[in-house]
Amino acid sequence: MNAKRADKIATGVIYAISGIVALILIAMLAFILIRGVPNLSWHFLTSPARAFEAGGGIGIQLFNSFYLLILAMIISFPIALGAAIYLNEYSKKGKFTTVVRTAIEILSSLPSVVVGLFGFLIFVVQFHLGFSILSGAIALTFFNLPLLTRSIETSLAQIPNLQREAGSALGLSRWETVIHIILPAAVPSIVTGVVLSAGRVFGEAAALIYTAGQSAPALNFADWNPFNISSPLNPMRPAETLAVHIWKINSEGIMPDANAVSAGASAVLIIVVLLFNLSARKIGAQLYKKLTSA
Amino acid sequence: MDNITQKLMQKSESTKKDSLGRAVSLAALSLIVIVVISIFAFVMSRGLSTFFHDGVHVKDFLFGSTWNPSVVNPQTKQPYIGALPMIFGSFLVTFLAAIVATPFAIGTSLFMTEIAQKRGTKIMQPIIELLVGIPSVVYGFIGLTVVVPFIRSVFGGSGFGILSGTIVLFVMVLPTITSMTVDTLKSVPRHYRESALAIGATRWQMIYKVVLRAATPGILTAIVFGMARAFGEALAVQMVIGNAALMPHNLTSPASTLTSILTMGIGNTVMGSLQNDVLWTLAMILLLMSLVFNLVVRAIGRRGEMK
């Protein structure tokens with residue numbers, strides 16, 4: 001076979017492979033949306049799930065997912081921000097930095113089941129928090145920390161050194177430079193990173209099965225006192241999220257319309273995650289425009 | 001005079017703030033390190049108690065092929081705790097998924113970097129990002145409603161098994177391997193390509209003999225990362241593999257992985273019992289394997305740097 005023929009064949013094969021990959025994604029999205037969207041209704045999105053009969057909704061699970069996401073973000077963002085500031089602005093090359101970077105890398109590659117089981121062992125069993133939103137949020141924090149730290153660190157590293165030098169030249173301390181110059185400049189890309197990681201956290205299930213639990217007790221949406229047991233804001237109640245719900249009804253197989261419910265729930269999950277992904281860059285760009293008057 | 005000396009000798013307000021800020025951010029960083037250390041410490045201590053506290057032999061655990069921890073073998077007076085089926089299942093789906101995904105990943109990334117740079121990044125980049133963003137339970141659900149019935153109708157049997165697990169994992173690791181391969185290919189210097197083309201190589205010769213060779217360490221790293229993701233993936237695999245702790249006879253018979261037995265079992269056992277301890281040992285194996293994957297990536301990176 002001559003070289004030109006081989007070149008043509010190889011090019012064809014590469015086109016075909018890329019086409020197949022694109023088809024796989026389109027087919028999956030189409031499948032989920034076509035199967036799921038017809039099940040969506042106001043009733044489905046707001047009513048509680050039913051275990052043994054058809055017609056249940058995903059209202060509580062949907063609320064739990066968002067509530068857990070917000071709590072996890074509130075806990076993990078300051079920690080990730082601090083860690084990223086230290087790594088990018090203060091740390092010098094050395095043993096300590098190498099160890100820390102290795103630790104972050106290892107944490108980011110740990111299977112999320114293991115992170116969930118660790119949360120189960122420490123918070124659910126040792127600290128007697130039980131299956132609760134709090135345990136789940138902490139487990140999600142562990143899962144989220146390495147990626148968020150890395151993305152914030154990248155955002156900070158993108159700010160040119162000129163800015164830091166200008167800060168020093170004005171007599172600002174390093175901390176003041178970071179707070180007043182570097183962080184504001186990095187806000188757009190930090191926000192992009194945060195929204196992207198929110199998408200990942202929203203769909204996570206394996207870390208939550210044994211921390212936030214697999215049950216969704218009835219909530220009283222008129223009661224916003226976080227200390228009442230039926231209040232949606234109570235962080236000590238067990239809270240099954242949307243992703244966990246999909247897993248549970250499929251592996252239990254006792255809900256008669258499990259298929260329709262999981263198709264609808266998957267569609268909601270996908271739509272929310274897509275919204276997060278699509279909006280992440282837009283929000284970042286918009287912020288950049290607003291903040292820099294560019 | 002004294003006043004001025006004092007003022008000069010004292011730390012200024014902003015120096016104090018700086019030290020405080022530095023300390024707080026260092027604390028945040030240390031917290032992450034502490035979390036990593038305690039994950040290892042706690043999971044290892046629970047996992048090892050199978051061997052130290054319950055007196056199970058490591059050999060029986062790793063190479064025994066019967067898993068039924070709640071039943072005691074009348075001959076040896078030991079429960080059936082052979083974890084080989086799960087270990088084997090995990091490795092098998094991981095390797096199969098990586099083998100299937102690699103050509104697709106390399107093809108797609110070549111399309112994006114060598115064949116059609118503009119269209120490649122415009123069309124394929126969002127596709128890869130969307131594939132990364134789909135939650136794993138959704139992959140599991142699609143596997144359960146599409147892949148499993150398909151396998152059942154083609155190969156017979158229940159449809160649950162290694163093959164279904166491989167197909168689901170293939171799609172899940174594809175974006176991981178692809179995006180990392182794209183980065184590697186992009187880092188191959190332009191003049192390598194130009195030199196190859198200048199001496200009369202066709203595009204494919206240039207790709208095959210120059211670009212791919214130069215990018216080999218990076219592509220291997222990408223594959224190992226993909227395998228690490230496949231090995232640790234829990235729910236999607238658990239939904240389609242059948243969860244029978246048996247050595248798989250063929251690719252379509254129900255099997256299990258470390259993660260699938262772990263997610264099924266940990267809630268149904270009592271903390272501190274042998275049945276529970278052996279599950280923690282499975283978790284420990286998962287933990288150690290992710291460490292191994294990390295070390296392999298590092299080793300490849302060092303090799304690649306040397307030349």
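What covers the buried residues of H4(A)? The points below take up this question, with the caveat that the model is predicted.

1. Cover of H4(A). The elements lying over the buried residues of H4(A) include H6 of chain A and helix H2 (13-52) of chain B.

2. Faces of H4(A). The buried residues in H4(A) are A:Val100, A:Ala103, A:Ile104 and A:Leu107. They line one face of the helix, because their directions, seen down the axis of H4(A), fall within an arc of 95°. An α-helix has 3.6 residues a turn, so residues three or four places apart point the same way. On the other side of H4(A), A:Lys95 and A:Thr98 are exposed.

3. Length of H4(A). The end C-alpha atoms of H4(A) are 21 Å apart, which agrees with the 21 Å that its 15 residues should span at 1.5 Å a residue.

4. Contact between the chains. Chain A contributes 67 residues and chain B 68 residues to the contact between them. On the side of chain A that touches chain B, two or more residues come from each of several helices, including H1 (3-36), H4 (95-109), H8 (174-203) and H10 (258-292) of chain A. H1(A) supplies the largest share, 18 residues. By residue class, this side of chain A holds 48 nonpolar, 14 polar and five charged residues.

5. The largest nonpolar core. This core has 174 residues, and those touching the most other members are A:Val114, A:Leu117, B:Val168, B:Val173, B:Leu174, B:Leu282 and B:Ala283. H3(A) gives the largest share of the core, 15 residues. Leaving aside residues up to four places away in sequence, B:Ala283 touches A:Val114 and A:Leu117 in chain A, and B:Val43, B:Gly47 and B:Leu262 in chain B.

6. Architecture of chain B. Twelve helices and two strands make up the secondary structure of chain B. From the N terminus on, the order of elements is α-α-α-β-β-α-α-α-α-α-α-α-α-α.

7. Dimensions of chain B. The radius of gyration of chain B is 26 Å, whereas a compact globule of 307 residues would have one near 19 Å. The C-alpha trace of chain B spans about 90 × 75 × 35 Å along its principal axes.

8. Burial and contact range in chain B. Of the 307 residues of chain B, 47% count as buried. Among contacts in chain B between residues at least 6 apart in sequence, those joining residues at least 24 apart make up 69%.

Note on methods:
Residues are numbered from 1 along each chain as its sequence is written. Chains are lettered from A and ligands numbered from 1 in the order in which they are written. This is a predicted model: local features need pLDDT of at least 70, side-chain atom pairs count only at pLDDT 80 or more; totals for chains, interfaces and linings use all residues. Two residues are in contact if their C-beta atoms, placed from the backbone, lie within 7 Å. Helices (H or I, at least four residues) and strands (E, at least two) are DSSP runs, numbered from the N terminus. Ala, Val, Leu, Ile, Met, Phe, Trp, Tyr, Cys and Pro count as nonpolar, Asp, Glu, Lys and Arg as charged, and the others, Gly among them, as polar. A nonpolar core is a set of buried Ala, Val, Leu, Ile, Met, Phe, Trp, Tyr and Cys residues joined through C-beta atoms within 7 Å. A residue is buried if 20 or more other C-beta atoms lie within 10 Å of its own, exposed if 12 or fewer, and partly exposed in between; C-beta atoms are placed from the backbone. The expected span of a helix is 1.5 Å times one less than its number of residues. The arc is that of the directions from the helix axis to the C-beta atoms. The radius of gyration is taken over C-alpha atoms; the globule rule is 2.2 Å times the number of residues to the power 0.38.
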